Amino acid sequence: MKGVRRDVLLHSRRALGRRRPEAGNPFLEGLVGIAIVSAVAVGFGIVGFIAAALTALFF
Amino acid sequence: MLLIRPDRDDLRIIGYYIGKILTGVGLLQIPPALLALARSEWNSLAAFVFGTSLAIIVGQSAELRLHTRRPLEWSHGMVTAALSWLLAAIMAAVPLYLSGHFSSFLDALFDSMSGLTTSGLSVLQDLDHLTWSMNLYRHILHFAGGQGIIIVVLTLFAASGSAQLGTLYAGEGRDERIMPNIIRTARFIYTVAAVYLVLGTSALAVAMMVAGLPPGSALFEAVNIFMAAFDTGGFAPHSTSIAYYHSASVEGVITILMFAGTLSFGLHHELWRGDRRELFRNLETRTLTFTLVALTALGIVGLGRAGTFTEPLSLFRKGFFTIISAHTGTGFAVNNSVLYATDWGQLAPAAVVGAMALGGMASSTAGGFKAIRVGLSMKGLVRDIRKVLLPENALVVSTYHQRTRQILRDDTVRSATTIVLLFLLTYLGGAMVGLMTTDAAFTEALFESVSATANVGLSVGITSPDMPVLLELTYIAQMWAGRLEFMAIFAMVGYGLALMRGRT
């Protein structure tokens, strides 16, 4: 990267639409990814339960 | 229309790659064969030995006789993908037929196509007495088909990255390259699947043991259910599907696995890289969230109106699980299939059909329209409305986010709406055949047709061992076409026409 202007690098990165790769542990990132997916599924479950509770209340 | 007749070399290269895939289908039967050996299931072992030998002999003969170094072109890849899936299903049906649980080879083919395409519809007889090894084999078909059988096989055989595999990847209905080359993309997909396999199977096994299963059975069934859930398949080791376990915790773990399976591998990649914002910006996740919440609400309200379940917990467990199962393209059931038609009223089954038709994300193991196409079609519609409302010379540019910010182009919207239209026509066509060949009502015929085409697997009972042959063939074709998303099959038909009528 030596000799390449920082603004040129930033511009090309933006032009490619890519972000700087994370430096974290890939295994831990993977586990966090799975936890997020699980949390979203549980979130949908909570929405479903609220819908079921409201339905049971009104029908 | 100008058609150029393929020459011998074109056919040679297609045959060569199909040979590799068939060899792979033979290798898939080795793990269940070893299980059959360990458990002294001699009939199943004989079936697997015959099936493996046949597939490997045919595959290797094709490879050796047709060996070529000519590069795979786009048309070759498409035709190879379409033919491979058909021939792989035929070859995979051999041990199933020899199990004695099918009354004809066509029935076995139905189940092998259903397994590979991760549909989950089944005409197998007496499932509850099927051997463990044969049950494992059915679920391995889900796993291989869900991950993409061509890519699974070819990346195992290829020593290094090959640009040629891209055309096969696209032909299999996957067009999202996560990594710069297909082999690295496939390896990432295996990594995700392997991590989920360890965690998902462990969680399922614990939940099943808590539900009362002995540890050995719990572990075996957890492995099978994991493959069916994460690959959005729908086969289960018992005829009563997930209702067999009567366990909220088992259903909870399965829900998470089905949801994970319906997310695109691209989204998994972004999450694994630490880019959590992608989950909220991605057009597909936004579309999927909207349709999932709307259809869950509709399904539960429909069940409430029909008076099928009155307790909030029952409403939630039956309604939510079924909608998730349908929307993710899995097809696990928590009640008897006939009840959708007899006890669920009108609105709830309509919500299930809508969820099945929409499906999950592109480049996942789910079927149906896919959320990206629904999102793109809606974005295109909004853009067109804006164009009408704004002055004629106004420049209307729409963008969407899918891993990167992208400009909505006319050809992108057109290809998305074309595929959606093809799915709709196939849904209706299958329903028509259902109406012609059975006494089913239109809603039931549509339910089953959508389930087959969108590779879901929920059934109102039309799919059975005594279903008409024409309908069975139609559903097999629908599962095949739905999995490959039509284009590879059109390419194969075009290739056939070119062979007959093309110019040299």
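This is a predicted model: local features need pLDDT of at least 70, side-chain atom pairs count only at pLDDT 80 or more; totals for chains, interfaces and linings use all residues.
V352(B) may be examined in more detail. Not counting residues up to four places away in sequence, V352(B) touches G299(B), T322(B), I323(B), A326(B), Y340(B) and L458(B).

## Overall form of chain B

Chain B contains 22 helices and two strands. Its radius of gyration is 22 Å, close to the 23 Å that the globule rule gives for 504 residues, so chain B is as compact as a globular protein of that length. Along the principal axes, the C-alpha trace of chain B spans about 75 × 70 × 50 Å.

Of the 504 residues of chain B, 57% count as buried. Contacts in chain B between residues at least 6 apart in sequence may also be considered: 74% of them join residues at least 24 apart.

## A covered helix

Helix α11 of chain B runs over residues 248-262 and has 15 residues. From its first C-alpha to its last, α11(B) reaches 21 Å, close to the 21 Å expected at 1.5 Å a residue.

This helix is mostly covered, with twelve of its 15 residues buried. Among the buried residues of α11(B) are V250(B), E251(B), I254(B), L257(B), F259(B) and T262(B). The elements that cover the buried residues of α11(B) include α2 (26-58) of chain A, as well as α9 (182-210), α10 (215-230) and α15 (312-327) of chain B.

## A proline in a loop

P465(B) lies in the loop between α20 (442-453) and α21 (469-484) of chain B. Is P465(B) buried, partly exposed or exposed? A residue is buried if 20 or more other C-beta atoms lie within 10 Å of its own, and exposed if 12 or fewer do. P465(B) has 16 other C-beta atoms within 10 Å, and is therefore partly exposed.

P465(B) and S104(B) are 361 residues apart along the chain, while their C-alpha atoms are separated by 9.2 Å. Not counting residues up to four places away in sequence, P465(B) touches S103(B), D107(B), V123(B) and Q125(B).

Notes: Residues are numbered from 1 along each chain as its sequence is written. Chains are lettered from A and ligands numbered from 1 in the order in which they are written. Helices (H or I, at least four residues) and strands (E, at least two) are DSSP runs, numbered from the N terminus. The radius of gyration is taken over C-alpha atoms; the globule rule is 2.2 Å times the number of residues to the power 0.38. Two residues are in contact if their C-beta atoms, placed from the backbone, lie within 7 Å. The expected span of a helix is 1.5 Å times one less than its number of residues.
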